[in-house]
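Dear colleague,

Please find the structure below, together with its sequence. My notes on it follow.

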Amino acid sequence: MTANATRVLVLNSGSSSVKYQLLDMSDGARLAVGLVERIGEETSRLAHTPLATGGDKREREARIADHDEALKAVADELAADGLGLDSPELAAIGHRVVHGGLKFTEPTVIDDAVLKEIERLVPVAPLHNPANITGIRTAQALRPDLPQVAVFDTAFHTTMPEHAARYAIDVETADAHRIRRYGFHGTSHAYVSRKTAELLGKAPEDVNVIVLHLGNGASASAVAGGRCVDTSMGLTPLEGLVMGTRSGDIDPAVVFHLKRVAGMDADEVDELLNKKSGLVGLCGDNDMREIRRRIDEGDRRAALAFDIYIHRLKKYIGAYSAVLGRVDAVAFTAGVGENAAPVREAAVKGLEELGLAVDADLNSVRSDEARLISPEYARVAVAVVPTDEELEIANQTYALVSN
């Protein structure tokens, strides 16, 4: 790697989308950001913002057949701004990979063996790993000489002790089929727990934090001294909190009940629990802004959905307070966590005995900055910490290839 190679391209390849950012690691500046969505549909959309030149966002709609075509379109947009993939300043491409199992506990340079192992994990991440693999292969074809680095969503959670990671099922069956709690949103939990410690003016190893990553997907983690000791998502991202379209925790016997009494097969139950449950299943909406608007108009279904959402959040805050023993902070992050003040207020209301409270004025402020929203007298700090998964992926990627 040459001395002037300080740029990292971060790629997050979904089943029908590619999110990307180009960052300069010498100062953390974002040079370009963009999104390709609806890949494979009749009308795809590419939105690109060249931050380095201060140019306006460029958008175009046309069919983009596959990820190969999508990444080539991204490369063309970057090249138009003088930021092409052939630049000698590009040090590496960092890929978000959702599932790394137990083998990958840190960022990893991708070679054939690594790619084969990511493929081997497809059965436990059928919705995510195939798209990640496609993005990796396309990027390798575009720049075969450049280091490609996988940063795994599950890696941060591999520090969980066995008593937190294992399910209480037959050990031989669990081991044979790799059934255990893996956890997800790891790059976000890692970033936010560390930034929360900074906000408190302490080192990460001196702080115990409960991180609440609340977006359309939602997860909680208990982080003790910078290490994850428990997390709400499990074998898949379905377990845990109530989410936009996912049920979260549910009696496993519901699956058998639906098979017996409703005649639903495995795929139908899978679709129900992952795509037709959570907030959208409860009230028809998975946008918290719309749900709050409906509540203000007296909509009882929306109010019940909100109450169920908050009830589950409180249960995890209480449970992780017990797991950690001492809690220094509760940090809210992601789309809902960063922007929905009523969610933050409701989540800690009634938990004063746990040392939690929010200041109404501080909580109502909208900001892109990490901040405390708890009153000075509160024993446990309550924070809002905007997550930055792309920066975390870029930092981990650059640190690896620099060494």
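In these notes, buried means under 20% relative accessible area, exposed over 50%, and partly exposed in between, with a 1.4 Å probe and protein chains only. Helices (H or I, at least four residues) and strands (E, at least two) are DSSP runs, numbered from the N terminus. By these criteria α13 is mostly covered, with 6 of its 8 residues buried: A341, V343, R344, A346, A347 and V348. Just after α13, G350 takes a positive phi of about 85°.

Please note that this is a predicted model, in which local features need pLDDT of at least 70 and side-chain atom pairs count only at pLDDT 80 or more, while totals for chains, interfaces and linings use all residues. Residues are numbered from 1 along each chain as its sequence is written, and side-chain values use heavy atoms, with hydrogens and water left out.

Overall fold

The secondary structure of the chain comes to 15 helices and 14 strands. Its radius of gyration, taken over C-alpha atoms, is 21 Å, close to the 22 Å that the globule rule gives for 403 residues, so the chain is as compact as a globular protein of that length; the rule is 2.2 Å times the number of residues to the power 0.38. Along the principal axes, the C-alpha atoms fill a box of roughly 55 × 55 × 45 Å. Buried residues make up 52% of the 403 residues. Taking contact to mean heavy atoms within 4.5 Å, 62% of the contacts between residues at least 6 apart in sequence join residues at least 24 apart.

Nonpolar cores

A nonpolar core is a set of buried Ala, Val, Leu, Ile, Met, Phe, Trp, Tyr and Cys residues joined through side-chain atoms within 4.5 Å. The largest has 42 residues, and those with the most contacts inside it are L212, L214, M288, Y309, L313 and V343. Among the elements that each supply at least two residues of this core are β9 (208-214), β10 (218-224), α10 (288-296) and α13 (341-348). Helix α11 gives the most, with 10 residues. Leaving aside residues up to four places away in sequence, M288 touches L279, F306, Y309, V336, A340 and V343. A second, separate core of 29 residues includes V8, V151, M160 and L391.

Aromatic rings

Rings of Phe, Tyr and Trp (its six-membered ring) pair if their centres lie within 6.5 Å; planes under 30 degrees apart count as stacked, over 60 as edge-to-face and the rest as tilted. The structure holds 2 aromatic pairs. The rings of F104 and F152 have centres 4.6 Å apart and planes at 5°, so this pair is stacked. It links distant parts of the chain, since F104 lies in the loop between β6 (90-97) and β7 (108-109) and F152 in strand β8, 48 residues apart. Both F104 and F152 are buried. For Y316 and Y320, the centres are 5.6 Å apart and the planes at 75°, so the pair is edge-to-face. Y316 and Y320 both lie in helix α11, 4 residues apart, about one turn of the helix, and both are buried.

A buried serine

S188 is found in helix α6 (residues 186-199). At 0% relative accessibility, S188 counts as buried. Not counting residues up to four places away in sequence, S188 touches H213, T333, T387 and E389.

With kind regards
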